[in-house]
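Take a look at the chain below.

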Amino acid sequence: MELLKGKDNVEKAKSLEVAEEAREESWKYPSFVGDMFGGRMRWDILFPYPEQGDADKKIGDEFLARLEKFLRTNLDPDAVDRTGIIPDPVMKGLAELGCFGMKIPKEYGGLELSQINYNRAVGLVASYCGSTAVLLSAHQSIGVPQPLKFLGTPEQKKKYLPLFAKGAISAFALTEPDAGSDPAKMAATATPIENGDTYLINGEKLWCTNGNIADVLIVMAKTPPKIVNGKEKTQITAFIVEKGMPGFEVVHRCMFMGLKGIQNGLIRFTNVKVPKENIIGGLGRGLKIALVTLNIGRLTVPAACAAMARKSLVIVREWSKKRVQWGQPVGYHEAITAKISLMTATTFAMDSMTWFCSALVDQAKVDIRLEAAMAKLFCTEAAWRIADDTVQIRGGRGYETADSLKGRGEEPIAAERFLRDTRINLIIEGTSEIMHLFIAREAMDPHLRRILPILSSKTGFPEKMKKLFEAGFYYTSWYPSQWIYLDRWKGSAGVSSRLKRHIRFIEKMSHRLARGLFHAMVKHQQGLEKRQQILFRFVNIGTDLFAMAAACSRAASLTVRNPQDRGPEELADLFCHEATFRIQREFKSQRQNNDKMIYGIGRKMLEGKYRWLETGIIR
Ligand SMILES: Cc1cc2nc3c(=O)[nH]c(=O)nc-3n(C[C@H](O)[C@H](O)[C@H](O)COP(=O)(O)OP(=O)(O)OC[C@H]3O[C@@H](n4cnc5c(N)ncnc54)[C@H](O)[C@@H]3O)c2cc1C
């Protein structure tokens, strides 16, 4: 047992090392959320809300109109769900519309849509057919075009980007049967041969979306380790692999609870020869590329979730006014009205986070890695609850398939398909748990940068003293400042007293969050990394604060444009009131909780101490 523990620890240390190596260390641009965790509110980043410019909106409106017309005329999403196939004419039509080149620069034949327009397009498709949305998003958000745009050589761009613009499909292959959230467990190898001019890829990749139909894939594989200070460092490298390369094989098409039309496979590579020119970003930079790509790429997930939430609002509004039970429309029974109310306010917050992040990507002046992760975390969980509430509000019809409803003459509303399709969003492109850990790591980063060199045995004595002095100097001014509430809010057009209250609360809570995180680091030191219940609560608080801030900013902006309509302000106000309750509850739980008991019982359960409970079932 002890031996096993020792082996586990070595493996864990390796996993952490690989994750740390892949981290983007520098912060080239300011970060709203990064500063918020340090108790500094950068209201100037959030206000005024970064709205889409008129010219860009016009481009998006025109493209979306063409896309919507095409989808309505040519694609039956329930047939895709039933048959598991997105028909060839649809694939061809999407290619003709330029959908596989939405993010590709015009010089390579693409549409070069802004991030906002791209996210609007994926959202539009997601509100209709989840499988088709994932086909487009896996191709462009994480597939070959995005990393090539960032890090590709001119030759790689010239060779591949025009193909995608014409409709070639790409995929991203990182996950393996034994390597999910933890890429250090990757087994696929790329062995250099012919003096390093060529690499031989061997291994398997699991759940590769579009993998079965992709023309070109980005494949992560281990290249020989680098020796740094006498120690082996794992190297994961990104390769461009073409489906025609001998040794490339789709072994199995995976099927899921939802997204029935996606072509997702188990892929095998047997001595696939790939020229060194197909390496993206250099040897050993594969995971870094994956993470940088995902920082922006994962934004299509909240965009799709927000669109599905907007679609759900249409479903519940129309249905709950029409369906009469117990003498009145079901929507007027308070329990259902309350659900609808919270769904509406939450959808407003989801939209506010999504469009804020998308606009900032286009402006390229702010680091949005934390905001995008929070938008992904918040919107995927919210969309799942909204899809669940939509099924509940539709009653038995919510559980019935669209085909069945149609078969007996009712409107084919696919609430159950939305529920099935949306569940995966909490797992792909960083599970909710991994998003929490990612955000927590970045939130602690400013402190770790100051403290770790002092604790490290590798730091020499003079350097240690210097770092100690610097940290002491910093904390003697930073820490007291977190107890003083200074109203840094300079005001912004459209912010009424109703919203101002929330902005003051956010500012106060940012100090409390910064202090809390600091106290937890001092108290638990290295042990904090394992105290996920504590860390997750900090992340939940931070995420709700960001959601509140985005909702207030967007409400103010919409109010300025249309002062007669107080709707946005009402929705932001309700969302903020609800988020305030959650935040207060989370802070209280940091002091008073059952963490130890919960953890203890979970461990005992895993060890089989409660097997007596597992009776009366068919195993
Ligand atoms: C439909 C679908 C499409 C996909 N598309 C792609 C694709 O295109 N390309 C690709 O490479 N992959 C793809 N994936 C894989 C997906 O990214 C992984 O499923 C995801 O990364 C999680 O890995 P896993 O399923 O192996 O879960 P695991 O890593 O085994 O995790 C299991 C559970 O443990 C939790 N967990 C793991 N580590 C920790 C930790 N340190 N602390 C707390 N909790 C933890 C996880 O959050 C999860 O809840 C797809 C998967 C599916 C189902």
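A residue is called buried when its relative accessible area is under 20%, and exposed when that area is over 50%. Keep that cut-off in mind. The model shown here is predicted.

**A buried glutamate**

Is E416 buried or exposed? E416 has a relative accessibility of 11%, so E416 counts as buried. The residue sits in helix α17, which covers residues 415–423. Its side chain makes a polar contact of 2.8 Å with the side chain of R420. E416 also has contacts with residues beyond four places away in sequence. These are V391, G398, Y399, E400, T401 and A402.

**The ligand site**

Now turn to the ligand. How many residues surround the ligand? The shell holds 19 residues. F172, T175, S181, T431 and E433 are the closest. By class, 11 of the shell residues are nonpolar, 7 are polar and 1 is charged.

Which elements supply the shell? Strand β1 (170–173), strand β3 (198–209) and helix α18 (432–455) each give at least two residues. Helix α18 provides the largest share, with 3 residues.

How much of the ligand does the protein bury? On its own, the ligand exposes 970 Å². The protein buries 68% of that area.

**The nonpolar cores**

Next come the cores. In soluble globular proteins, nonpolar side chains tend to be buried together. In this model, the largest nonpolar core has 89 residues. Which of its members touch the most other members? They are F32, W43, M350, L545 and F546. Helix α21, residues 532–561, gives the most to this core: 16 residues.

Setting aside residues up to four places away in sequence, W43 touches F32, R488, W489, I503, I506, E507 and A549. One of these, F32, is also listed among the core members with the most touching partners.

Note on methods
Residues are numbered from 1 along each chain as its sequence is written. This is a predicted model: local features need pLDDT of at least 70, side-chain atom pairs count only at pLDDT 80 or more; totals for chains, interfaces and linings use all residues. Side-chain values use heavy atoms; hydrogens and water are left out. A residue is near a molecule or strand if one of its heavy atoms lies within 4 Å of it. Accessible areas come from the Shrake-Rupley method with a 1.4 Å probe; for residues, only the protein chains shown count as cover. Helices (H or I, at least four residues) and strands (E, at least two) are DSSP runs, numbered from the N terminus. Ala, Val, Leu, Ile, Met, Phe, Trp, Tyr, Cys and Pro count as nonpolar, Asp, Glu, Lys and Arg as charged, and the others, Gly among them, as polar. A nonpolar core is a set of buried Ala, Val, Leu, Ile, Met, Phe, Trp, Tyr and Cys residues joined through side-chain atoms within 4.5 Å. Buried means under 20% relative accessible area, exposed over 50%, partly exposed in between (1.4 Å probe, protein chains only). Contact means heavy atoms within 4.5 Å. A polar contact is a pair of N or O atoms within 3.5 Å; within protein, one must be able to donate a hydrogen and the other to accept it, and residues adjacent in sequence count only if both atoms are side-chain atoms.
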